[in-house]
There are 2 protein chains.
Amino acid sequence: MIYELHYWPGIQGRGEFIRLAFEEAGVEYVDVAPMNGYEEAERPPFAPPFLKAGRRLIGQTPNILLFLGPRLGLAPRDAAGRTWTHQLQLTLGDFIDEIHDLHHPLGPTLYYEDQKAEARKRAREFLKSRLPKYLGYFERVLARNAARDGWMVGETLTYVDLTLAQVVAGLRYAFPRSAQSALEDCPRIVRLHDRVFARPRIKRYVKSKRRLAFNNDDLFRRYPELGD
Amino acid sequence: MIYELHYWPGIQGRGEFIRLAFEEAGVEYVDVAPMNGYEEAERPPFAPPFLKAGRRLIGQTPNILLFLGPRLGLAPRDAAGRTWTHQLQLTLGDFIDEIHDLHHPLGPTLYYEDQKAEARKRAREFLKSRLPKYLGYFERVLARNAARDGWMVGETLTYVDLTLAQVVAGLRYAFPRSAQSALEDCPRIVRLHDRVFARPRIKRYVKSKRRLAFNNDDLFRRYPELGD
């Protein structure tokens, strides 16, 4: 069985957190546009990304990673560790939602161009309060991990490390100066990011055509009017 | 061991989805304000609600329900069923986030009074597009469940049924006329709501002092200026 990742073509988006897991594990997968009629399945996903694993369709990014984690060797072995890893992924999901909502504060049904003024206000609040709050939290999680190996959970890399590294890369694309300045207080996060993107399979992936470039139809967007 | 639910006093909020699970199961729990210093734990939750189960702290509402589901007899027995139940809970979580964001479109750091105009625009879009989209999705899920017993997953009630019923109650409080009108196309959801709130333990809970009233410091808010 070859895993199929169904997601919108042309963007990294939420699919990227799943792609990074497959790439790091060196497990074969195909990356396709959402299949026709997925809404008609007996257990339909609400929206892409979703995973096709044999006859099963599995939706919701953190749920997909919860499913894949043990299968790809990217989750702890103990139940308590898995629950904690998933909890961190959900908190990263909240962070990612807030980053998305910067350019869509009035909701996903209107274009960015129709909510620019509101986006400016929301981005100001985000950069002032929420960005340092979330980064401070993950820095603390890294500092408290008794294993002291630089990963979020236990002694080895898990899928949440891949997600956090990708969020750092996205923030640096969207807000180069603000991200730089906020990350000055987060040496552990910066180190984690650097180690993830230095891993041989991730390096090969990022250089390949499979890795799409950041762009402004995506989750992380570079709109200088929202902040630098 | 008695479970402790740590959450903000005076509101139903996200804690309510967990309270309903304990109440339906008839399992003892205590409902307390967040303990001092929880941020200092080795595995700190980002925010309430969180569960204290023995020495463990477990955060993120869907993660808490994923943990409690099998322990309270409110999750399917098979792994695929549990993954599907969790996926539905995460989609309900997205729906709940969008309902929250109606009164906080510029983010959680500003008061509602400072974002009223933006809230009006966002609520208009939500009632027009997102509310029928989400309700239509859950109605379809109910229609497709091959067990045909009126629950979301399999033949028996699970924690996602409790959450969906509570969302219906909240929508009726916040937007009495719009909810009524949107629910006219969703007979299965209405029936699920009625069956949940007719269950003996849930009935007893709703009549007790433990059930807090809906109010405008909460997730679901009645602001007539946002829509009726």
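## Symmetry of the two copies

Copies are superposed by least squares on the C-alpha atoms of residues with pLDDT of at least 70 in both. On this basis, chain A can be laid on chain B with an RMSD of 0.0 Å, by a turn of 180° and a shift of 0.0 Å along the axis. The two copies are thus related as by a two-fold rotation axis. Within chain A, the residue that comes closest to this axis is A:Pro105, whose C-alpha lies at 2.7 Å.

This is a predicted model, in which local features need pLDDT of at least 70 and side-chain atom pairs count only at pLDDT 80 or more, while totals for chains, interfaces and linings use all residues. Residues are numbered from 1 along each chain as its sequence is written, and chains are lettered from A and ligands numbered from 1 in the order in which they are written.

## The sheet of chain A

Helices (H or I, at least four residues) and strands (E, at least two) are DSSP runs, numbered from the N terminus. Two strands pair if DSSP finds at least two bridges between them. Strands of a sheet pair through backbone hydrogen bonds, either parallel or antiparallel.

Chain A holds an open sheet of four strands, ordered β2-β1-β3-β4, with mixed pairing. Its edge strands are β2 (29-32) and β4 (56-59), each of which pairs on one side only. From one strand to the next, the twist averages 20° (axes are lines fitted to C-alpha atoms, for helices over the stretch in contact, and angles run from 0 to 180 degrees between N-to-C directions). Strand β3 (residues 50-53) of chain A is joined to β4(A) by four bridges, and the two run antiparallel. In β4(A), A:Leu57 is the bridge partner of A:Lys52.

## The sheet of chain B

In chain B, four strands form an open sheet with the order β2-β1-β3-β4 and mixed pairing. Strands β2 (29-32) and β4 (56-59) of chain B stand at the edges with a single partner strand each, so one side of each is left without a neighbour in the sheet. Four bridges join β3 (residues 50-53) of chain B to β4(B), and these strands run antiparallel. The bridge partner of B:Ala53 in β4(B) is B:Arg56.

## The interface

In total, 35 residues of chain A are in contact with 35 residues of chain B (C-beta atoms, placed from the backbone, within 7 Å). On the side of chain A that touches chain B, β4, α2 (61-72), α3 (79-102) and α4 (116-144) each supply at least two residues. Helix α4(A) gives the most to this side, with 10 residues.

The copies meet through the same surface, because 100% of the interface residues of chain A are also interface residues in chain B.

Technical notes: Two residues are in contact if their C-beta atoms, placed from the backbone, lie within 7 Å.
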